[in-house]
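Please look through the sequence and the model first.

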Amino acid sequence: MKQGNTDFSLLYDALLCLGSREECAAFLDDLCTASEISSINQRLVVAKMLSEGKIYNEISMTTGASTATISRVKRTLESKYSGDGYRIILPRLADSEKEAE
């Protein structure tokens, strides 16, 4: 699949090959800096909290995310042109959490 002129198929296929949290952690550690992984995780937590109806102050205090980051994630979640990834993964994560209980 392409985004602009760049083909990301190898990356997408690599992510699909991972079979456990440990494998995912090892791959991300090799691929990204600790700061990049932290930023990706923060955006995902922000998206989850927004989808749960949490307010900006609570999200910022819990995650350390700036209001700019929270706003950016919120715009993505609410956009009809983007946010498909969040709309796919957030319900699956919620289902996974329910199953773990």
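A salt bridge is a side-chain nitrogen of Lys or Arg within 4 Å of a carboxyl oxygen of Asp or Glu. The model discussed here is a predicted one.

Q: With which residue does Arg-87 form a salt bridge?
A: The cut-off for a salt bridge is 4 Å between nitrogen and carboxyl oxygen. The closest N and O atoms of Arg-87 and its partner are 3.1 Å apart. Both residues lie in helix H6, three residues apart, about one turn of the helix. The partner of Arg-87 is Asp-84.

Q: Are Arg-87 and Asp-84 buried, exposed or partly exposed?
A: Buried means under 20% relative accessible area and exposed means over 50%. Arg-87 has a relative accessible area of 36%, and Asp-84 stands at 47% relative accessibility. Because these values fall between the two limits, Arg-87 and Asp-84 both count as partly exposed.

Q: How many residues apart are Lys-48 and Glu-97, and in which helices do they lie?
A: The side chains of Lys-48 and Glu-97 meet in a salt bridge. This pair links distant parts of the chain, with Lys-48 in helix H3 (residues 34–51) and Glu-97 in helix H6. Lys-48 is partly exposed at 26% relative accessibility, and Glu-97 is partly exposed with a relative accessible area of 38%.

Q: What separates Lys-74 and Glu-78 along helix H5?
A: The side chains of Lys-74 and Glu-78 meet in a salt bridge of 3.8 Å, N to O. Lys-74 counts as partly exposed at 30% relative accessibility, whereas Glu-78 counts as exposed at 59%. Because they are four residues apart in helix H5, Lys-74 and Glu-78 are separated by about one helical turn.

Q: Is Thr-69 buried or exposed?
A: Thr-69 lies in helix H5 (residues 67–78). Leaving aside neighbours within four places in sequence, Thr-69 is in contact with Gln-42 and Arg-43. The limit for a buried residue is under 20% relative accessible area. Since Thr-69 has a value of 12%, the residue counts as buried.

Q: Which residues are in contact with Leu-44, leaving aside its neighbours within four places in sequence?
A: Leu-44 lies in helix H3 and is partly exposed, with a relative accessible area of 32%. A contact requires heavy atoms within 4.5 Å. Leaving aside neighbours within four places in sequence, the residues in contact with Leu-44 are Tyr-86, Ile-89, Leu-90 and Leu-93.

Q: How far apart in space are Ile-89 and Leu-44, C-alpha to C-alpha?
A: Ile-89 lies in helix H6 (residues 84–100) and is partly exposed, with a relative accessible area of 34%. Along the sequence, Ile-89 and Leu-44 are 45 residues apart. In space, their C-alpha to C-alpha distance is 9.5 Å.

Q: Is the aromatic pair of Phe-8 and Tyr-12 stacked, edge-to-face or tilted?
A: The count of aromatic pairs comes to one. Phe-8 and Tyr-12 form this pair, at 6.1 Å centre to centre and with 35° between the planes. Planes under 30 degrees apart count as stacked and those over 60 as edge-to-face. Because the angle of 35° lies between these limits, the pair of Phe-8 and Tyr-12 is tilted.

Q: In what order do the elements of the protein chain run from the N terminus on?
A: The secondary structure of the protein chain comes to six helices and two strands. From the N terminus on, the order of the elements is β-β-α-α-α-α-α-α.

Q: How far apart do the centres of the positive and negative side chains lie?
A: The protein chain has 12 positive and 15 negative side chains. The accessible surface of the chain comes to about 7,700 Å², of which 55% belongs to carbon and sulfur atoms. The centres of the positive and negative sets lie apart by 10 Å.

Notes
Residues are numbered from 1 along each chain as its sequence is written. This is a predicted model: local features need pLDDT of at least 70, side-chain atom pairs count only at pLDDT 80 or more; totals for chains, interfaces and linings use all residues. Side-chain values use heavy atoms; hydrogens and water are left out. Buried means under 20% relative accessible area, exposed over 50%, partly exposed in between (1.4 Å probe, protein chains only). Rings of Phe, Tyr and Trp (its six-membered ring) pair if their centres lie within 6.5 Å; planes under 30 degrees apart count as stacked, over 60 as edge-to-face and the rest as tilted. Accessible areas come from the Shrake-Rupley method with a 1.4 Å probe; for residues, only the protein chains shown count as cover. Lys and Arg count as positive and Asp and Glu as negative; His and the chain ends are not counted. The place of a charge is taken as NZ of Lys, CZ of Arg, CG of Asp or CD of Glu.
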